[in-house]
Amino acid sequence: TIIIAYPRQQPPQPEPGDYSYSGMHDQGPLPTPKEGGEFTQIIGIVSAAKKASDAYLTEVIEKEKAIVASKMNVKGGVGQQKRKRN
């Protein structure tokens, strides 16, 4: 039996929402990813779809924020509503 000891390394902490290849796993380093191959096109298509989805959803969220802000201004307060006391 051959045991390979890797030096203890702390895996890099990715930013929230970052799913890129870090090269580390809980148990240590991972092999380098293969370049090309049969999944290259699929990965590219999924990445492009994610970018398009993010752009669309950001636009929808910004429009909804603008609608809510305009309704708040019409109701008499500048962005503040009074809560009813029970």
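## Close-up views of a predicted model

**View 1. Serine 70, at 37% relative accessibility, counts as partly exposed.** Here, "partly exposed" falls between buried (under 20% relative accessible area) and exposed (over 50%), using a 1.4 Å probe and protein chains only. Serine 70 has its place in helix 1. Look for a polar atom of its side chain: the backbone oxygen of isoleucine 67 lies 2.8 Å from that atom. This is a predicted model, in which local features need pLDDT of at least 70 and side-chain atom pairs count only at pLDDT 80 or more, while totals for chains, interfaces and linings use all residues. Residues are numbered from 1 along each chain as its sequence is written, and side-chain values use heavy atoms, with hydrogens and water left out.

**View 2. The whole protein chain follows the pattern β-β-α along its sequence.** You can find 1 helix and 2 strands in the protein chain; these are DSSP runs numbered from the N terminus (helices: H or I, at least four residues; strands: E, at least two). Helix 1 spans residues 40–74. Of the 86 residues in the protein chain, 6% are buried. The accessible surface of the chain is about 8,900 Å², and carbon and sulfur atoms account for 57% of that surface. Such areas come from the Shrake-Rupley method with a 1.4 Å probe, where for residues only the protein chains shown count as cover.

**View 3. Confidence in the protein chain is highest in helix 1, at a mean of 91.** At the other end is strand 1 (residues 24–25), where confidence is lowest, with a mean of 68. Across the protein chain, pLDDT (the predictor's confidence in each residue, from 0 to 100) averages 76. A score of at least 70 is reached by 63% of the residues.

**View 4. Lysine 50 and aspartate 54 join their side chains in a salt bridge.** Side chains of opposite charge can pair when their charged atoms come close. The N to O distance in this pair is 2.9 Å; a salt bridge needs a side-chain nitrogen of Lys or Arg within 4 Å of a carboxyl oxygen of Asp or Glu. Because lysine 50 and aspartate 54 are 4 residues apart in helix 1, about one helical turn separates them. Lysine 50 is partly exposed, at 45% relative accessible area, and aspartate 54 is partly exposed too, at 37%. By this rule, the count comes to 3 salt bridges.

**View 5. Lysine 63 pairs with glutamate 59 in a salt bridge of 3.3 Å, N to O.** These two residues sit 4 residues apart in helix 1, so about one helical turn lies between them. Glutamate 59 is partly exposed, with 45% relative accessibility.

**View 6. Lysine 65 and glutamate 62 form a salt bridge.** Their closest N and O atoms are 3.9 Å apart. Lysine 65 counts as exposed, at 51% relative accessibility, whereas glutamate 62 is partly exposed, at 45%.

**View 7. Phe39, Ile42, Ile43 and Val46 make up a nonpolar patch on the surface.** Patches take residues with over 30% relative accessible area and no salt bridge, joining like charges within 9 Å and nonpolar side chains (Val, Leu, Ile, Met, Phe, Trp, Tyr) within 5 Å. Isoleucine 42 belongs to helix 1 and is partly exposed, with a relative accessible area of 46%.

Methods:
Polar contact = N/O pair within 3.5 Å; in protein donor to acceptor, adjacent residues only side chain to side chain.
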